[in-house]
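Subject: Structure for you to look at

Hello,

Here is the structure I said I would pass on. Please open it and keep it beside this message while you read.

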Amino acid sequence: MSIRSIVPTARSGSTGKVVLAREAVRLIRIGDTVAIGGFFEIGLALEVIHELGALFEATDEESAAFGKPRDLTLVFCVSPGDWTTGGANRLAQPGLVKRIIGGHWGAVPALYQLVAGNQVEGYNMPLGPMSHLYRDIAAGKPGHLSRVGLGTFADPRFGGGKLNEMTTEDLVELVEIGGEEYLFYKAFPVNVAIVRGTTADPAGNITMEREALTCDTLSVAMAAHNSGGLVIAQVERLAEVNSLNPRQVKIPGALVDCIVVATDQGNHPQTFGSLYCPALAAEVRVPLTSLAPMPLNARKIIARRAAMELRPNSVVNLGFGIPEGVASVAAEEKVADLMTLTAEPGAIGGIPAGGGDFGAATNAQAVIDMPYQFDFYDGGGLDAAFLGLAQADREGNVNVSRFGPRLAGAGGFIDISQNAKKVLFLGTFAAGDLQVSVVEGKLLIERDGQYQKFVEEVEHRTFSGPYAARQGKDVLYITEVCIPAHHRRPGADRGRSRHRHRTRHPGQDGVQADRDQAARDGPPYLPVRPDGPPGGHAATAPRRAVHLR
């Protein structure tokens, strides 16, 4: 039985806006700009996206008669894929796509291969301006004005976000207002929005109660609708007309043109790592003791040393990769409730999830839309940010976005690193077959990594050291063996545990010895709860030992 024949409606003979995925994607026209909502696979309309790829591949007469979409411009904030062949990787077909504008590219390697091969135009933009641009498009503004990206690869002086030789149009301009430099991210019409929710009624009103995040869903839908475009929304289930609580509706039906009900739960996973987890949808709160601690290895040593920089009453962002471990350490040591941990797609409070669930949170206090989270971040709301460290140079510049033929993209890294009051970059000292062990509380490097992360000049400038120095920003670079200035300390013996070094500003020549060993016999310390209820002043907090094992 088809979906059309079973949908309850208020009008006899009407199916509302409910259609099959194939019927929805047939409405996409040649040359359309298609915006895909979501954060990795959180909020990603997999069934619709896969059907769009299948329609382009189809050879049957019916598909030929309807015509096929081609020469599309794809726009997305964060990697709408599964790191291999799923999601928007299905759209990596020459002829189907002509231009791609993305904030983060790590999970869509097939799309980037088109860019790397000069088969399509490609841009990488910071995540905050990308998510804000949807709102500005919806509001009919000419673009988005921001300081975010100055001094980085998004700056026209360093490439303007262009990813290959065939990409020539300038989407970012450097402007001066009142003697201050800004970047102007140009608006463009959005012809099609592909978004996702949980429950829809036939009028198109959509709630998101089983989603881990609300992401950029409303902004993407509004940008397309106000551009005179098409909004396609994938959902899990249908409800009776007018039965949804209006306070729970995240996308008003007035914005939605097509509703596609997922036919397989595999096409509607809550996150990349979980088909469905009640804790990530705030259906239940779980005891923190149920969260498995990290094994004691180089990643945990870095996370533990970084956690020593946590302060009570602070608001913190944790990035992807090693920084995720800071949340685990804070939960393990029962100090997570002393500060507010956040993740850029909108989770506030609780314990940010890692791995395949990254972006979501367990026991969150609130979940807001991603553009509003970046309003908070870009305005200086973060006290500290713990971010990844893939490559750094003598000027304090950091690269986490591009390495030879591989593009990860900036994501929210630029917004967060430029605007947090304190920034900590976390990563191993070297990469590539690095082998370490912890013996009796001491770190031993059994095999050094093949690739040095501290180089003369970074390949791609995701964080600008000189710009941070002009801001007077407090910056630390933390590895498993030391807190280096900008390069390996001369004469260091890689076969033994090392003393740490600290630098307060990128580009300064001297270092101040911190004298904390990477994995010492004695316990390091974390900030702890002051006497009395949570939230006391940091200066009154006694310090507590945190043992390595």
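Two strands are said to pair if DSSP finds at least two bridges between them. Strand E28 (residues 435-439) and strand E29 (residues 442-447) are joined by five bridges and run antiparallel. Within this pair, Ser437 has Leu444 in E29 as its bridge partner. E28 and E29 form a hairpin with two residues between the strands, and Glu440 there takes a positive phi near 50°.

Please keep in mind that this is a predicted model.

The chain as a whole

The chain has 549 residues, and buried residues make up 58% of them. It contains twelve helices and 36 strands. Take the contacts between residues at least 6 apart in sequence: 72% of these join residues at least 24 apart.

Two open sheets

In general, strands of a sheet pair through backbone hydrogen bonds, and the pairing can be parallel or antiparallel. E6 is joined to strand E7 (residues 180-186) by six bridges, and the two run antiparallel. Look for Ile177, which stands opposite Glu180 in E7.

Another open sheet of three strands has the order E23-E22-E31, and its pairing is mixed. Its edge strands are strand E23 (398-399) and strand E31 (454-455), each of which pairs on one side only. Strand E22 (residues 391-393) pairs with E31 in the parallel sense, over two bridges. In that pair, Ala392 stands opposite Phe454 in E31.

Is Ser131 buried or exposed? Its relative accessible area is 0%, so Ser131 is buried. Apart from its neighbours within four places in sequence, Ser131 is in contact with Cys77, Met370, Pro371 and Phe374.

H6 also meets helix H7 (residues 217-226): their axes come within 8 Å and cross at roughly 35°. The crossing of H6 past H7 is left-handed. On the H6 side the residues are Tyr134, Arg135, Ile137 and Ala138, and they meet Ser219, Val220, Met222, Ala223 and Asn226 in H7. By type, the residues of this contact divide into six nonpolar, two polar and one charged. As background, an α-helix has 3.6 residues a turn, so residues three or four places apart point the same way.

Which residues of H7 are buried? They are Thr217, Ser219, Val220, Ala221, Ala223 and Ala224. The cover over these buried residues includes H6, strand E1 (33-39), strand E8 (192-196), strand E11 (230-235), strand E13 (249-251) and helix H10 (370-378). Just after H7 comes Gly228, with a positive phi of about 80°.

Cysteines

How many disulfides does the structure hold? It holds zero. Cys215 is in no disulfide, and the nearest cysteine sulfur, that of Cys77, is 9.2 Å away. A disulfide would need the two sulfur atoms within 2.5 Å. With a relative accessible area of 0%, Cys215 is buried. Cys277, by contrast, has a relative accessible area of 24% and is partly exposed.

Two loop residues with positive phi

Asp71 has a phi near 55°, which is a positive value in a residue other than glycine. It lies in the loop between helix H4 (61-66) and strand E2 (72-78). Its relative accessibility is 30%, so Asp71 counts as partly exposed.

Asn363 also has a positive phi, near 60°, and is likewise a residue other than glycine. Its loop is the one between strand E19 (361-362) and strand E20 (366-367). Asn363 is buried, with a relative accessible area of 10%. Why does 10% count as buried? Buried means under 20% relative accessible area.

Regards

Terms used
Residues are numbered from 1 along each chain as its sequence is written. This is a predicted model: local features need pLDDT of at least 70, side-chain atom pairs count only at pLDDT 80 or more; totals for chains, interfaces and linings use all residues. Side-chain values use heavy atoms; hydrogens and water are left out. Helices (H or I, at least four residues) and strands (E, at least two) are DSSP runs, numbered from the N terminus. Buried means under 20% relative accessible area, exposed over 50%, partly exposed in between (1.4 Å probe, protein chains only). Contact means heavy atoms within 4.5 Å. Axes are lines fitted to C-alpha atoms, for helices over the stretch in contact, and angles run from 0 to 180 degrees between N-to-C directions. A crossing is left-handed if the near helix is turned anticlockwise from the far one by less than a right angle, and right-handed if clockwise. Ala, Val, Leu, Ile, Met, Phe, Trp, Tyr, Cys and Pro count as nonpolar, Asp, Glu, Lys and Arg as charged, and the others, Gly among them, as polar.
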